[in-house]
Amino acid sequence: MMLTKERLKEIKELQHICEENDRIELKLNWDMLDSKDRNEKDNFYHYDQNGRLIGFLALYGFGNKVELCGMIHPENRRNGIFSRLMMQGLQEAIERNTTTILLNAPTESQSAKAFLAQVPCTFKVAEYQMKWHETGLSLDDTVTLRPSATEDDVETEIQLEIQCFGYKEEEAREFNKMIKNNEKDQYLMIEMGGKTVGKMRVSEANGESWIYGFAVMPEYQGKGIGRKALTNAVIEENKKGFSVFLEVEAKNTHALRLYESCGFKAYHSQDYYEYSL
């Protein structure tokens, strides 16, 4: 059931207040919040006595993995409201027999770090948002990108989620099915020498082109294929007139060198902490 326009407006207003106050960017996955398939049980709210939304937490399910992200109005912190929202979200996740719970917080948020220091969790991975800055790139015809079009392609996408992102098979299949609901996105397979060796998803909207889920099979990594594929995608999107962005996971800054070598620069990051069940 989709959230009402009024609810969405309240959430956006609270997000704006928190981001302005803390100088951060929250990742609330608006494509999922505004989806017709959204389960209202995934959203948790707290209103003050005047009917103003001052606390919000969202749960995002990916198979047996769940991500939680939330916010609390700056004037209403340290009074237990967000802790209660967190407990509600955790309880819902646990009741679904979730095997992995990830808590999402902007890297720059000092208030989030202070809160998570009191929660039984450990740092898992950082996710970076990067923007491409025009630099000299050349197309490489030894690596090609083509639309994902067959059942074999879907199976390859699922295996890449398992091998490169640590999904379990059930999670990978559910995640693949979920993202394919967005028919506007491009789902591309990376080919070299007649073999399918990787994938990426490209989303174009509002003058921006975002690259997600970029992955190359482990046995083909370290051969320059990823850089060539990413270069070709950037050139194509730039030719269309889009500003190009990339969202990637990296356990350390060294893993960002591939993207930086193509002209991308990180401007924001999210930290993911695994909750100890």
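**Stop 1: Asn 206**

Select Asn 206. Asn 206 counts as exposed, at 79% relative accessibility. Exposed means over 50% relative accessible area, buried means under 20%, and partly exposed lies in between, with a 1.4 Å probe and protein chains only. This is a predicted model: local features need pLDDT of at least 70 and side-chain atom pairs count only at pLDDT 80 or more, while totals for chains, interfaces and linings use all residues. Residues are numbered from 1 along each chain as its sequence is written, and side-chain values use heavy atoms, with hydrogens and water left out.

Stay on Asn 206 and check its backbone. Its phi is positive, near 55°, and the residue is not a glycine. Most residues other than glycine have a negative phi. Asn 206 sits in the loop between β8 and β9 (208-216). Helices (H or I, at least four residues) and strands (E, at least two) are DSSP runs, numbered from the N terminus.

**Stop 2: the sheet**

Now show the strands. How many strands form the open sheet, and in what order? There are 11, in the order β1-β2-β3-β4-β11-β5-β10-β9-β8-β7-β6, with mixed pairing. β1 (43-47) and β6 (143-147) are the edges; each has a single partner strand, so one side of each has no neighbour in the sheet. On average, neighbouring strands are turned by 25° against each other, direction ignored. Axes are lines fitted to C-alpha atoms, for helices over the stretch in contact, and angles run from 0 to 180 degrees between N-to-C directions.

Strands of a sheet pair through backbone hydrogen bonds, either parallel or antiparallel. Here, two strands pair if DSSP finds at least two bridges between them.

**Stop 3: β7 and β8**

Select residues 186-192, strand β7, and residues 195-205, strand β8. These two run antiparallel and are joined by seven bridges. Pick out Ile 190: its bridge partner in β8 is Gly 198.

**Stop 4**

Five bridges pair β1 with β2 in the antiparallel sense. Tyr 47 stands opposite Leu 53 in β2. Five residues lie between the strands of this hairpin, where Gly 51 has a positive phi near 80°.

Move on to β3. β2 and β3 are also antiparallel, and eight bridges pair them. Look for Leu 57 opposite Gly 70 in β3. β2 is mostly covered, with nine of its 10 residues buried.

**Stop 5: helix α3**

Select residues 81-95, helix α3. α3 packs on the sheet, touching β1, β2 (53-62), β3 (65-72), β4 (100-106) and β11 (264-275). Its direction makes about 20° with that of β2. The expected span is 1.5 Å times one less than the number of residues.

Which residues of α3 are buried? Colour Ile 81, Phe 82, Leu 85, Met 86, Gly 89, Leu 90, Glu 92 and Ala 93. They cover an arc of only 165° around the axis, which puts them on the same side of α3. The arc is that of the directions from the helix axis to the C-beta atoms. On the other side, Met 87 and Glu 95 are exposed. The buried residues pack against β1, β2, β3, β4, α4 (110-116) and β11. Contact means heavy atoms within 4.5 Å.

Step just past α3 to Asn 97, where phi is positive, about 60°. Asn 97 lies in the loop between α3 and β4. Is Asn 97 buried or exposed? Exposed, with a relative accessible area of 60%.

**Stop 6: helix α5**

Select residues 151-165, helix α5. Its 15 residues reach 21 Å from first C-alpha to last, close to the 21 Å expected. Colour its buried residues: Asp 153, Thr 156, Glu 157, Ile 158, Leu 160 and Glu 161. They pack against β6, α6 (169-179), β7, β8 and β9. Gly 166 follows α5, with a positive phi near 75°.

**Stop 7: Leu 246**

Finish in strand β10 (residues 243-250), at Leu 246. Leu 246 is buried, at 0% relative accessibility. Leaving aside neighbours within four places in sequence, its contacts are Tyr 128, Gln 129, Met 130, Trp 210, Ile 211, Leu 230, Tyr 259 and Phe 264. Last, draw a line to Val 234, 12 residues apart along the chain from Leu 246: the C-alpha atoms are separated by 9.8 Å.
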